[in-house]
Protein chains: 2
Amino acid sequence: MNTITGGVCAPRGFRAAGVSAHIKNLQTTKKDCALIVSDVPAVAAGVFTTNKVKAAPVLWTQGVCVRETARALFANSGNANACTGAQGLSDAQTTAEMVAEALGVAITEVCVCSTGVIGVPLPMDRIANGVSDCLVALSATGGADAAAAIMTTDTVPKEIAVEVPLDCGTVRIGAIAKGSGMIAPNMATMLCFITTDAALRAADLRTLLSDCAKHSFNCVCVDNDSSTNDTLLCLANGQSGAPLLEPGTADFNAFADVFLKICIAMAQALVRDGEGATKFIEILVEGANSDAEAQLAAKAVAQSQLCKTAFFGQDPNWGRIACAVGYSGAEFCQEHLRISIEGLEVVHDGTPTPFEEAHAAELMKRRDIHVHVSLGAGPGMALYWTSDLSHDYVSINADYRS
Amino acid sequence: MNTITGGVCAPRGFRAAGVSAHIKNLQTTKKDCALIVSDVPAVAAGVFTTNKVKAAPVLWTQGVCVRETARALFANSGNANACTGAQGLSDAQTTAEMVAEALGVAITEVCVCSTGVIGVPLPMDRIANGVSDCLVALSATGGADAAAAIMTTDTVPKEIAVEVPLDCGTVRIGAIAKGSGMIAPNMATMLCFITTDAALRAADLRTLLSDCAKHSFNCVCVDNDSSTNDTLLCLANGQSGAPLLEPGTADFNAFADVFLKICIAMAQALVRDGEGATKFIEILVEGANSDAEAQLAAKAVAQSQLCKTAFFGQDPNWGRIACAVGYSGAEFCQEHLRISIEGLEVVHDGTPTPFEEAHAAELMKRRDIHVHVSLGAGPGMALYWTSDLSHDYVSINADYRS
């Protein structure tokens, strides 16, 4: 990938800002309001939490995406505006209204997102300050500020931008993300905002976004909880000058390929910065009856508290991996099960392969651990990424809210 | 319940023993072999792990239960005899053979169970010592020794016995259990052995056992992992002198009621002794469309790492409970959601009820916490029991195996 600087402002015709409006805390000046604006109406598509308890901004922004185009995206951290009833819905709409009025665009063209504490009404006076300060700060170099403003328990900002040379012209894709638990609803939420100056139809962008989410954000876990606020949004404004990308063409496929890589990079960045994480674990399952069954098996290992504590303890504890695969729901015969960790085969046809414990212990010290499970049942395969479960995870999440 | 002493030996016609055969460790004299014998052939029924990776003794004992009667049950801790291939199956059979020969019963009347490290062949010379020492120690007061011998990471033995006065005569039920994670496959497994001197048909005992498991052992979790060795076994030998219990009669129902209570008591004992547990949490979900959906919601809360760390942190963090219920798959409208913790309403119709944090914090200090979730959708309800997720849980499970 041909990475460039600028984050969400790298694609042409996008400006951004990130400011502190003291939503998180009156005492700190941590940025907590972000604004991304497209100079022209952009095609918008979103993938949202499937949680039955949806935050007010999720309900609002789903409505914007149905209408297909958007001009702006305002996000705050420090308050999730979730479980806030009718007041919350009205506050989300008022936020959109303030942005729309200042930019001279329709209220239905403004997406809003929130992340932070559940059940507390948005402090609308501070949100108003955040909106006006963002409008003043808005610039073509504001991508990094926006990335910083959406952080909660994240320890590092997450942004990326790439240039994609196509036969029909060069386009750019930029993205910022936050999330440090796949969700700790009081403290975190997965948010990812992608901008591109490519020209796409709304329906094609929707399909692409949802396909890419399946193989990126839906293949990672830190703590298995899916938030009330999770949102993946993409704005495509066509300002590259390159013509409309037609599905089925080589250019569309090349674009889609890079788009997926960006989604995977952002999803992996969430896991690497997972709450308390000391390791990044990739689980490859192959030989399943279907890709879906392979994903069940990979997900079971990725979500298993016992596997995750073993990774933290740097213990090549293949028994826990075999056990998780066994209860995952994937069909296989235990006589065909094979497991390797960092290239070292530890189980062959259902029975342990003798290995030197000292060598295995050395491999387990690595920051990135690759687990390879082969079920010997069919052609299905899947990848999943997870973090380990550490004392710091418990400390971070056992802290009293106040 | 009219509890009595004696554990699995309280019902008439049962003897038991527990001895040390150094399976766990050559250095310690911790008991690790248990034997339970019925003086006459007993009707046998079992509920076994659904894991695709099944330990050799599980496969053997499933076969015994198909044949309906058993005379003895031999169990060892310290070695799970799982992922041990053809050698493991042969070792399980040899163990049954040794017990059968010594008792002069058929090999197909001997159940065997194992719990402990995965992937290591059973040390058959020590197992042979364990079998012969158990035969010598066998007595009508050996229930407590058997309870001690099946412990792994358990901190307390788990046994119970009750007398059930029926119109047709008095019968007794005894039980021992072990398990401290719902499973940590290298260190623990859920095992529960129930004896009774009531007379029941094999088919009726099977149905009763499987119905009771649904509302007891299938409603608890410590770490969400289901073992390669989980086994719930019941032997009913009819030695009480009371006539055969006929399903549908008042006596059968009275017996079934106490039988369920014993299963719940043993299941709750596992959770209370859960690895690293500092709290016991009961989750009651009502107002779901069905009992099955209520169980989905209760299970999601019980399994949520975020809820479990909040309980450990003594934080009345209802946002995490609302979030878990929201992604559980149970249908409901967030406008009807109500949540109480220890009788204190914290969410009413989807929005937070103002409460005094100091009061809530005081309630959360209790050892037992009751969470009540109302979905407002229908008549379905379910109960689930779980432990909290503590630093000790991580320490216990991050320890290197050796």
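Tutor: Strand E3 (residues 33–48) of chain A is joined by six bridges to E10(A), and the two run antiparallel; strands are said to pair if DSSP finds at least two bridges between them. The element names come from DSSP runs numbered from the N terminus, with helices (H or I) having at least four residues and strands (E) at least two. This is a predicted model, in which local features need pLDDT of at least 70 and side-chain atom pairs count only at pLDDT 80 or more, while totals for chains, interfaces and linings use all residues. Residues are numbered from 1 along each chain as its sequence is written, and chains are lettered from A and ligands numbered from 1 in the order in which they are written.

Let us stay with E10(A). A residue counts as buried if 20 or more other C-beta atoms, placed from the backbone, lie within 10 Å of its own, as exposed if 12 or fewer do, and as partly exposed in between. In a regular strand the side chains alternate between the two faces of the sheet. In E10(A), A:Thr231, A:Leu233 and A:Leu235 point one way, whereas A:Leu232, A:Cys234 and A:Ala236 point the other way, and all of them are buried.

Now step back to the whole chain. Chain A is assigned domain 1 (2–272) and domain 2 (280–398), with bounds taken from an automatic or database domain assignment. The C-alpha centres of these two domains of chain A lie 33 Å apart. Where the domains touch, 11 residues come from domain 1 and 10 residues from domain 2 of chain A, a contact meaning that the C-beta atoms, placed from the backbone, lie within 7 Å. On the domain 1 side, strand E9 (220–221) and helix H6 (250–272) of chain A each supply at least two residues, and H6(A) gives the largest share, four residues. That side of domain 1 of chain A has seven nonpolar, three polar and one charged residues, where Ala, Val, Leu, Ile, Met, Phe, Trp, Tyr, Cys and Pro count as nonpolar, Asp, Glu, Lys and Arg as charged, and the others, Gly among them, as polar.

E9(A) leads us to a sheet. An open sheet of seven strands in chain A has the order E9-E16-E11-E15-E12-E13-E14, with mixed pairing. E9 and E14 of chain A stand at the edges with a single partner strand each, so one side of each is left without a neighbour in the sheet. Strand E13 (residues 344–348) of chain A pairs with E14(A) in the antiparallel sense over two bridges, and the bridge partner of A:Val347 in E14(A) is A:Pro352. Helix H7 (residues 291–303) of chain A packs on this sheet, touching E9, E11 (280–288), E15 (368–374) and E16 (380–387) of chain A, and its direction makes about 20 degrees with that of E16(A). For such angles, axes are lines fitted to C-alpha atoms, for helices over the stretch in contact, and the values run from 0 to 180 degrees between N-to-C directions. H9(A), in turn, lies across E12 (338–341), E13 and E15 of chain A, running at about 135 degrees to E12(A).

Lastly, consider both chains together. Their contact takes 51 residues from chain A and 51 residues from chain B. On the chain A side, H8 (305–312), H9 (318–327), E14 (351–352) and H11 (391–398) give two or more residues each, and H9(A) gives the most, with seven residues. The residues of this side of chain A divide into 19 nonpolar, 24 polar and eight charged. The largest nonpolar core has 281 residues, and those with the most contacts inside it are A:Ala297 and B:Ala297; such a core is a set of buried Ala, Val, Leu, Ile, Met, Phe, Trp, Tyr and Cys residues joined through C-beta atoms within 7 Å. Leaving aside its neighbours within four places in sequence, A:Ala297 is in contact with residues including A:Val285, A:Val325 and A:Val373.

Terms used: Contact = placed C-beta atoms within 7 Å.
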